[in-house]
Amino acid sequence: GESVKGLILNDIYTIQKGVKSSIILSVACVLFLIFTKSIVAFKVAVFLPFLIIPVKSFEVLKHDVKSGWEKFLITLPVTRKKIVQSKYITFLILLFISLLISFLLFFAVNILIYPTLNFEYYNQLLRGMGLIICVAALLYPMTYKLGIEKSDSITIYSLGFSFGVFLLLAMVAKVTLESNREADMIFSIIFFLLSVFLLIISY
């Protein structure tokens with residue numbers, strides 16, 4: 001427990017600056033997009049924090065290699081399992097921060113300006129979380145297998161994988177579900193649950 005906590009704190013400390021700036025960027029972009037009151041901008045605003053903030057957790061892997069921390073880690077009395085565990089938990093912490101920011105901003109606008117916590121919000125929220133979880137599900141195991149040097153191409157593969165799963169599921173949904181709001185939400189829920197399942201398998 002303690003060693004994992006220490007590893008997580010170290011990871012978060014490593015990306016602290018990047019996380020702070022990505023939070024500020026997210027807040028600014030989300031508010032700007034919400035105020036445009038366009039449907040497309042609204043959808044992007046829900047997605048955005050998940051594409052900007054949790055991505056920072058992937059940088060920890062790069063930093064570990066560049067700083068030589070990875071070699072030092074091996075000499076510490078921590079198991080590889082705990083090291084991997086700390087990386088996944090760091091990702092989940094940032095995912096939760098994104099969720100919190102998204103909800104608080106939309107909640108504030110909902111109370112003060114116009115209703116935003118609607119069907120479309122929850123629908124896009126599940127999709128945004130699902131996409132980034134899918135990316136992590138492939139990125140972590142591939143990085144550990146192929147090495148950090150290939151991290152940029154692994155990121156591209158992971159993004160492709162994530163959108164691939166999304167589109168494949170969308171095609172299945174189109175064939176099996178009727179085209180209405182309920183079907184839309186069922187698709188989002190299934191995609192989200194599938195991505196969580198993939199993350200658990202990858203772990």
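Valine 60 is found in helix H4 of this predicted model. With a relative accessibility of 1%, valine 60 counts as buried, because buried means under 20%. Leaving out residues up to four places away in sequence, valine 60 touches Asp11, Ile15 and Lys87. Asparagine 10 is 50 residues from valine 60 along the chain, and the C-alpha atoms of the two are separated by 9.4 Å.

Phenylalanine 58 also belongs to helix H4, which covers residues 56-66. Its relative accessible area is 9%, so phenylalanine 58 is buried as well. Apart from neighbours within four places in sequence, phenylalanine 58 is in contact with Phe91, Ile132, Val135, Ala136, Leu139 and Tyr140. Tyrosine 114 lies 56 residues from phenylalanine 58 along the chain, and their C-alpha atoms are 35 Å apart.

**Helix H4 against helix H6**

Both of these H4 residues take part in a helix contact: Lys56, Ser57, Phe58, Val60, Leu61 and Asp64 in H4 meet Lys87, Thr90, Phe91 and Leu94 in H6. By class, this contact of H4 with H6 has five nonpolar, two polar and three charged residues. The axes of H4 and H6 cross at roughly 145 degrees and come within 8 Å.

Serine 86 is another residue of helix H6. Its relative accessibility is 0%, so serine 86 counts as buried. The residues that serine 86 touches, not counting those up to four places away in sequence, are Val4, Leu7, Ile8 and Asp11. Asp11 is also one of the residues touched by valine 60.

**Helix H3 against helix H6**

Helix H6 (residues 80-112) packs with helix H3 (residues 39-52) too, at an angle of about 150 degrees and with the axes 7 Å apart. Angles over 145 degrees count as roughly antiparallel, and H3 and H6 are therefore roughly antiparallel to each other. On the H3 side the contact is made by Phe42, Ala45, Val46, Pro49 and Phe50, and on the H6 side by Leu95, Ser98, Leu99, Ser102 and Phe106. The residues of this contact of H3 with H6 divide into eight nonpolar, two polar and no charged.

Lysine 37 lies in the loop between helix H2 (16-36) and H3. Most residues other than glycine have a negative phi. Lysine 37 is not a glycine, yet its phi is positive, at about 60 degrees. Its relative accessibility is 55%, so lysine 37 counts as exposed.

**Helix H7 against helix H8**

Helix H7 (residues 119-146) and helix H8 (residues 151-176) pack with their axes 8 Å apart, at an angle of about 140 degrees. That angle makes H7 oblique to H8. The crossing of H7 past H8 is right-handed. From H7, the residues in this contact are Arg127, Leu131, Cys134, Val135, Leu138, Leu139, Met142, Thr143 and Leu146. From H8, they are Ile154, Thr155, Tyr157, Ser158, Leu159, Phe161, Ser162, Phe163, Val165 and Phe166. By class, the contact of H7 with H8 has 14 nonpolar, four polar and one charged residues.

Asparagine 123 lies in helix H7. Its relative accessible area is 0%, so asparagine 123 is buried. Not counting residues up to four places away in sequence, asparagine 123 touches Asp184, Met185 and Ser188.

**Cysteines**

A search of the whole structure finds zero disulfides. Cysteine 29 is partly exposed, with a relative accessible area of 26%.

**Accessibility in brief**

The table collects the relative accessible areas of the residues described above.

| Residue | Relative accessible area | Class |
|---|---|---|
| Cysteine 29 | 26% | partly exposed |
| Lysine 37 | 55% | exposed |
| Phenylalanine 58 | 9% | buried |
| Valine 60 | 1% | buried |
| Serine 86 | 0% | buried |
| Asparagine 123 | 0% | buried |

Terms used. Residues numbered from 1 in each chain as written. Predicted model: local features only at pLDDT ≥ 70, side-chain atom pairs only at ≥ 80, totals over all residues. Heavy atoms only, no water. Axes fitted to C-alpha atoms, helices over the stretch in contact; angles between N-to-C directions. Helix = DSSP H or I, 4+ residues; strand = E, 2+ residues; numbered from the N terminus. Parallel < 35°, antiparallel > 145°, perpendicular 65-115°, else oblique. Left-handed = near helix turned anticlockwise from the far one by under 90°. Contact = heavy atoms within 4.5 Å. Nonpolar A, V, L, I, M, F, W, Y, C, P; charged D, E, K, R; others polar. Disulfide = S-S within 2.5 Å. Buried < 20%, exposed > 50% of the residue type's maximum accessible area, 1.4 Å probe, protein only.
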